[in-house]
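Please look over the chain below with attention to its sheet, its helix packing and its charged pairs. The report that follows takes these topics in turn.

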Amino acid sequence: MDPVIDHAFAAALYSDGDPALDTGASLLAAAPTADDALHHRGEEFVRRAWDRGWHPADLVRFVRRELDEGRAALAATLITAETARYAALPPRWGAQLADLPAPVPRNRPDRFSYAAGLLELYRVLLRLPSIEPVGPPPGTVTDHLHLPPAHDEPRMLTRIRALLAKAEATGFPEEAEALTTKAQELMARHSIDEALLAARNHSTQAPGACRIGVDAPYETAKAILLDAVASANRCRAVWNSDLGFSTVVGFEPDLEAVDLLFTSLLVQGTAAMTAAEAGQRAGGRKRTKTFRQSFLMAYAQRLGSRLAADTERVTAAADAGPADGDGTAPGAPGGLLPVLAARDVAVTDTAERMFPRTTTTRVRGATDMAGWTHGTAAADRARMGRREGEIAP
C-alpha cells in the first residue's frame, strides 16, 4: 500500500467537488514514484467492474457519457492493460477491445491535470452499479467457451458486414437496395439454418445476450428502433435509459443480425434525416430539434411495422419451402414453425429471468408533422430487405 495514494484517494474519491479533486491531484503530482501504483489501482477498479457485469464497451461508453472523451481514453488505457493479463477472453470481448480509443501516454508534462483526470475517472469507476451479466467475466473462461466459431460463420458475418457497409456508403439507391437485400437474405437464411440444425441435433444451447449502446440525442427513438429490430429477429430488447444501452436476449445468430441491422438502419436513418433537415432549412425553417425527434420516432415506428411484416412473410415462405417426403421442412421435427416457437419461448424465459422487474415507459409523442412525414418516408425507403414481392430463398 502506498501512503501517498491512500491519502490522495481519501481526499478525492469519497467526496464530491473540485476542491477535493485538486487536493488529491496535488498529492499525486508531487510523488512521481507513486505512478505505477496509481495505475495498478485503476486496473483494480476495472477488474471490479467485470465482476459487476460490465464489459469493455459498456465501461468506455458510460465514462464518455458521465465525463468526456478524454476520460474515456484513460479508461480504455486501463482496460487494455488489465485485459492483457488473461490467456483467454469471453466471447465478443476481442471485438470490443479492438474498437477502444487509442491508449493515453502516461508520461505527461502536466502531472497535476493528468492526476486529476485519473481521480475523476476513478470516482466514476468506484461508484459503478452492478448490472445484469451477459457472459462470464475474464479469468473464468473455459476452453469450451473460447472455441472458435464454426468454419463458415466468420465468412458469413464478413460478407454481411461488407454488404451493409457498401449499402450505407453508396449514393445510388438501387445499388443500396440490392446490397442490403442480399445481406438480409443471408441473415434470415443463416438464422433459420441454425434453428433447424439445433433441432435436428437436439442441441441444448440456450439463448445468450449482448448489450448495444443507445446514445443521445434522441435515445428514445433509437431504443424503439432497436426494439423493433430485435423483435423481428426473435430477440428481446430491454432498455436501460440511465446507463445508455439496451440488453438484447436471443440466440447467437439472431444477436448478430440485430447488431448489424440496427447499426445499418440507424446510419441510413441519420443520413436521411440530415438530408431532409437541409431541405427544411432551405425553406426557411429553424426548429430542428423537434423535426429530428419526430423524424426518428416516425422512422422507428414505421420500420417496426415493416420488419414485423417481413419476418412473417419470410418465415411462412421458409416453412412452405422444399419439404421432405412427409411434408415437413428439411431437418425440422414437426416443421419449422414449432422449432421457431420453441426458441421464442426460450428467449422469453431467459429475458424474464434476467429482468424480472421490467417496466414500461411513456413515450413522448412526436410534435412535428413535417418531421413525422419525412421519417415515415425514409423508413419506406430504408434498404433492409427484399423488393416488393421477393422472398428469401
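The text below describes the sheet, then a helix pair, then salt bridges and finally some backbone details.

This is a predicted model, in which local features need pLDDT of at least 70 and side-chain atom pairs count only at pLDDT 80 or more, while totals for chains, interfaces and linings use all residues. Residues are numbered from 1 along each chain as its sequence is written, and side-chain values use heavy atoms, with hydrogens and water left out.

## The sheet

Helices (H or I, at least four residues) and strands (E, at least two) are DSSP runs numbered from the N terminus, and two strands are taken to pair if DSSP finds at least two bridges between them. On these terms, three strands form an open sheet in the order β1-β3-β2, with antiparallel pairing. Because β1 (208-213) and β2 (236-240) stand at the edges with a single partner strand each, one side of each is left without a neighbour in the sheet. Neighbouring strands are turned by 25° against each other on average, direction ignored; angles here run from 0 to 180 degrees between N-to-C directions, and axes are lines fitted to C-alpha atoms, for helices over the stretch in contact.

Six bridges hold β1 and β3 (residues 245-250) in antiparallel pairing; among the pairs, Gly208 has Gly250 as its bridge partner in β3, and Ala209 stands opposite Val249.

How many of the residues of β3 are buried? Six of its six residues are buried, so that β3 is mostly covered, where buried means under 20% relative accessible area, exposed over 50% and partly exposed in between (1.4 Å probe, protein chains only). In a regular strand the side chains alternate between the two faces of the sheet. In β3, Phe245, Thr247 and Val249 point one way, whereas Ser246, Val248 and Gly250 point the other way.

Helix α11 (residues 252-282) lies across β1 and β3 and runs at about 10° to β1. Helix α13 (residues 336-354) also packs on the sheet, touching β1, β2 and β3, and its direction makes about 140° with that of β3; contact means heavy atoms within 4.5 Å.

## A helix pair

The axes of α1 and helix α3 (residues 35-51) come within 10 Å and cross at roughly 55°. That angle makes α1 oblique to α3, given that angles under 35 degrees count as roughly parallel, over 145 as roughly antiparallel, 65 to 115 as roughly perpendicular and the rest as oblique. Ile5, Asp6 and Phe9 of α1 make the contact with Ala37, Leu38, Arg41 and Phe45 of α3.

## Salt bridges

A salt bridge is counted when a side-chain nitrogen of Lys or Arg lies within 4 Å of a carboxyl oxygen of Asp or Glu, and by this rule the count comes to 14. Three of them are listed here.

| Pair | Closest N to O distance |
|---|---|
| Arg127 and Asp16 | 2.8 Å |
| Asp58 and Arg61 | 3.4 Å |

Arg127 lies in the loop between α7 (111-126) and α8 (153-169) and Asp16 in the loop between α1 (3-12) and α2 (18-29), so the pair ties together parts that are 111 residues apart in sequence. Arg127 is partly exposed at 43% relative accessibility, whereas Asp16 is exposed at 59%.

Asp58 and Arg61 are three residues apart in helix α4 (residues 56-66), which means that about one helical turn separates them; both are buried.

Glu252 lies in helix α11 and Arg92 in the loop between α5 (69-83) and α6 (93-98), so this pair ties together parts that are 160 residues apart in sequence. Glu252 is partly exposed at 29% relative accessibility, and Arg92 is partly exposed at 25%. A network of salt bridges links Arg92, Arg161, Glu252 and Glu256.

## Backbone details

Arg92 also has a positive phi of about 80° although it is not a glycine. Arg234, likewise not a glycine, has a positive phi of about 60°; Arg234 lies in the loop between α10 and β2 and counts as buried at 19% relative accessibility. The peptide bond from Ala216 to Pro217 is cis, with omega near 0°, and Pro217 is placed in the loop between β1 and α10 (219-232).
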